[in-house]
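Please read it with the sequence and the model side by side.

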Amino acid sequence: MPPITDLALDLPTTDDLAAVAGALLGRFGVAWPDGGENEARTPITGGALGSTRGATAADVDAAVERANTAFRAWRLTPPPRRGELVRQLGALLREHKDDLAELVTLEAGKIPGEAQGEVQEMIDMCDLAVGLSRQLYGLTLASERPEHRMTEVWQPLGACAVITSFNFPVAVWAWNTSVALVCGDPVIWKPSEKTVLTALACQALVERAAAATGAPAGLSQVVVGGPEVGKALVDHPGVALVSATGSTAMGRAVAPRVAGRFGRCLLELGGNNAAIVAPSADLDLAVRGIVFAAAGTAGQRCTTLRRLIVHESRHDEVVSRLAGAYRTLRVGNPRDTGVLVGPLIDRRAYEGFARALAEVAAGGGQVVTGGQRDPALAEQAPEAFYVRPALASMAEQSELVLRETFAPLLYVLRYGDWDEAMALHNAARHGLSSSIFTNDLREAERFLSPGGSDCGIANVNIGPSGAEIGGAFGGEKETGGGREAGSDAWRAYMRRQTCTVNFGRDLPLAQGVEFL
Ligand code: NAD
């Protein structure tokens with residue numbers, strides 16, 4: 001743990017940060033985007049670094065047409081050759097890891113270690129996708145008819161629209177793009193309107209990789225703008241797959257529209273993740289895991305720990321140790337050494353945090369520690385929002401606790417027996433990530449059994465955040481049911497085809513049907 005310090009007091013000016021952003025973009029060969037209606041803001045000061053022009057409906061149409069032209073050539077390219085493009089993208093990401101991570105810090109406010117981790121995740125995804133490009137395997141099935149061969153093969157799907165959230169401004173694009181490209185699909189990316197500069201930098205790298213490997217133009221494109229640009233992609237009949245990452249409200253708007261035109265959706269939506277602390281838990285390990293999962297990334301991860309369900313025999317000890325650890329967290333400019341918690345993304349995020357804290361007291365709960373916005377930093381930069389991560393003790397799992405507040409606010413609840421713990425745990429509307437801290441083998445196994453956690457991700461003696469890319473990532477219920485990254489998540493980007501070949505001289509029909 002770092003030493004106990006107060007909030008970091010000095011913020012740079014927006015002009016200084018804009019100069020850094022300009023220099024970084026230059027290293028990607030991206031000209032400074034100046035003069036559109038979409039402001040690229042930094043949460044470090046809340047100021048505008050620059051602005052970009054948003055895509056129009058005609059721009060979206062043109063992008064979809066370009067993508068489909070590219071698709072017609074790319075789907076015929078052997079997958080291992082498609083993998084070569086992704087291999088070169090991975091090499092460029094390695095070369096530009098520090099620059100891209102610094103841009104992530106400027107635009108999303110992540111501390112450098114986490115920003116570097118995000119870019120590393122992109123590199124790991126490229127490595128995984130290159131291997132995958134030689135393993136897009138199908139099945140051979142037993143045919144009931146003599147001299148017939150039946151197989152299941154996977155074909156490229158078509159243009160994929162990738163809509164992403166601000167909090168993983170580059171990794172989510174890489175999860176989708178690295179796999180979609182080896183599967184034979186072009187990608188049109190609609191990044192969050194809050195993180196456009198990082199998107200332009202990634203686009204420059206993939207264009208360089210495409211040029212070096214002779215890939216068709218239009219395989220990877222970016223369209224900038226807010227929800228209206230996302231909607232144009234969602235409704236476009238030329239888009240085969242909409243992979244959308246963001247809030248459950250966004251998914252609720254997107255899913256029926258895509259279904260209405262029989263398109264395919266891959267949804268990665270909100271989370272309200274819990275951890276159970278059982279009587280046998282190793283608290284040294286649990287406290288570290290909980291603090292990272294709840295306060296890391298300023299509580300702005302889909303997998304952030306939001307509900308802590310503690311056995312009554314350990315409750316007071318856990319709360320007191322967590323409160324002590326929370327007070328040591330240094331909050332401030334993420335570019336300053338030693339800072340562990342950067343700013344919230346914007347005023348709206350802060351207002352959601354403040355509203356939830358006010359409801360804690362109104363609902364009979366108690367804020368144990370944290371929740372304050374630093375007045376000195378607020379005076380320096382009224383549109384920057386630095387808050388102390390908050391811990392709130394709750395008497396019951398109210399509607400407030402069941403809501404995803406996208407900020408560092410951890411609710412603590414107590415339980416008496418196993419059934420009560422699981423009922424509290426699975427009562428969330430979301431179903432993304434979950435964990436249990438226990439040294440009891442039976443409890444650990446029960447948590448991972450059908451009657452245990454109902455989430456897409458379930459961990460033992462690890463917090464709910466910080467997944468490895470080798471596994472399939474995603475969640476159930478209001479998290480949307482999508483899976484991305486490793487395992488067999490690649491199948492979402494391909495269409496399944498069942499093929500039967502008759503190599504005999506007769507024409508036996510299935511199910512013994514006689515005709516002619
Ligand atoms: P958001 O829903 O506000 O925006 C996400 C993206 O969707 C943006 O690009 C936005 O422009 C676009 N969008 C919004 N409404 C749209 C519409 N009607 N049609 C088409 N596009 C639309 O989310 P955010 O604030 O950027 O991100 C935070 C949320 O994302 C949290 O709820 C978090 O849990 C979730 N998230 C989930 C995952 C996951 O993998 N499950 C990962 C990261 C973030």
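## The antiparallel sheet

Three strands form an open sheet with antiparallel pairing, and their order is 3-4-21; strands here are DSSP runs of E with at least two residues, helices are runs of H or I with at least four, and both are numbered from the N terminus. Two strands are taken as paired if DSSP finds at least two bridges between them. Strand 3 (139–141) and strand 21 (494–502) are the edge strands, each with a single partner strand, so one side of each has no neighbour in the sheet. From one strand to the next the twist averages 25°, where axes are lines fitted to C-alpha atoms (for helices over the stretch in contact) and angles between N-to-C directions run from 0 to 180 degrees.

Strand 4 (residues 148–156) and strand 21 run antiparallel and are joined by nine bridges; W154 has R496 in strand 21 as its bridge partner.

## Basis of the model

The model is predicted, with local features requiring pLDDT of at least 70 and side-chain atom pairs counting only at pLDDT 80 or more, while totals for chains, interfaces and linings use all residues. Residues are numbered from 1 along each chain as its sequence is written, and side-chain values use heavy atoms, with hydrogens and water left out.

## The parallel sheet and its helices

A five-stranded open sheet has parallel pairing and the order 7-6-5-8-9. Strand 7 (220–222) and strand 9 (264–268) stand at its edges, each with a single partner strand, so one side of each is left without a neighbour in the sheet. On average, neighbouring strands of this sheet are turned by 15° against each other, with direction ignored.

Strand 5 (residues 160–163) runs parallel to strand 8 (residues 241–245), and four bridges join them, with C160 standing opposite L241. Helix 6 (residues 171–183) lies across strands 5, 6 (187–190), 7 and 8, at about 170° to strand 6, contact meaning heavy atoms within 4.5 Å. Helix 8 (residues 227–234) also packs on the sheet, where it touches strands 5, 6 and 8 and makes an angle of about 155° with strand 6.

## Around the ligand

There are 28 residues around the ligand, of which K190, E193, S247, L269 and E404 come nearest; a residue is counted if one of its heavy atoms lies within 4 Å. Polar contacts are pairs of N or O atoms within 3.5 Å. A side-chain N or O atom of E193 is 2.7 Å from a ligand oxygen atom, a polar side-chain atom of S247 lies 2.6 Å from an oxygen atom of the ligand, and a backbone N or O atom of E268 lies 3.4 Å from a ligand nitrogen atom.

Note on methods: A polar contact is a pair of N or O atoms within 3.5 Å; within protein, one must be able to donate a hydrogen and the other to accept it, and residues adjacent in sequence count only if both atoms are side-chain atoms.
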